[in-house]
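Here are some notes on the model, for checking against the coordinates.

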Amino acid sequence: MPINPFVFLGLFIAIPLIEIVLLIQLGSAVGVLPTIGIVIATAVIGTTLLRQQGFGVLARATEAMQSGKAPIEPVVEGVFLLLAGAFLLTPGLLTDAIGFTLLIPMARQAVARWTIKRVLNAGIVNVSTFGAGDDDPDPKSPAGGDPFGASGPGRPQQSGRPPDVIEGEFERIDEKTHRPKRKPR
């Protein structure tokens, strides 16, 4: 799934040009000051909504971790919220539209699920979970099995046994307290 670097170069050039054209058209239709006001208002409204959405995603991630599940989807949603914030703070109408779209929970969750599915199916990342319920070999338990409720290529398979655990003891030795004393010469 390598992405051609020329795609990024094309987007890096095309998006600012589209933004300039849209801002010029809006400025000629409603005036310069209202256009500046719209850009500032979308940034303020967007950051307020971003903060609210961020707390919701954080709560879902915490809830998933407390129930012993991997918080994969909330983490990916958090990444898309960061992107939404960057788009909303970038002056422009196209980037604001993308940013506001990513603030809609259903749209963001759909994009997050699509991204996770694509990454896992490509075999780029494997996800496995472990936690308090690892002694339970049931793959449907909260701590084991597939965090998405399905299996597919690139996803770990449960062997039905808990992972190997190596127990041991350690003692911390500080250099200052255990340094051998030198005899004065």
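1. Does Phe12 count as buried or exposed? Phe12 counts as exposed because its relative accessibility is 67% (buried is under 20% relative accessible area, exposed over 50%, partly exposed in between, with a 1.4 Å probe and protein chains only). Phe12 belongs to helix α1, residues 5–30 (helices are DSSP runs of H or I, at least four residues, numbered from the N terminus).

2. This is a predicted model, in which local features need pLDDT of at least 70, side-chain atom pairs count only at pLDDT 80 or more, and totals for chains, interfaces and linings use all residues. Residues are numbered from 1 along each chain as its sequence is written, and side-chain values use heavy atoms, leaving out hydrogens and water.

3. There are four salt bridges (a side-chain nitrogen of Lys or Arg within 4 Å of a carboxyl oxygen of Asp or Glu). Arg60, Glu73, Glu77, Arg108 and Arg113 are linked in a network of them.

4. In the Arg60 and Glu77 salt bridge, the N to O distance is 2.6 Å. Arg60 lies in helix α2 (residues 32–66) and Glu77 in helix α3, so the pair ties together parts 17 residues apart in sequence. Arg60 is partly exposed, at 30% relative accessible area, whereas Glu77 is buried, at 0%.

5. Glu77 also forms a salt bridge with Arg108, with the closest N and O atoms 3.1 Å apart. Arg108 lies in helix α5, so this pair joins parts 31 residues apart in sequence. Both Glu77 and Arg108 are buried.

Note on methods:
Helices (H or I, at least four residues) and strands (E, at least two) are DSSP runs, numbered from the N terminus.
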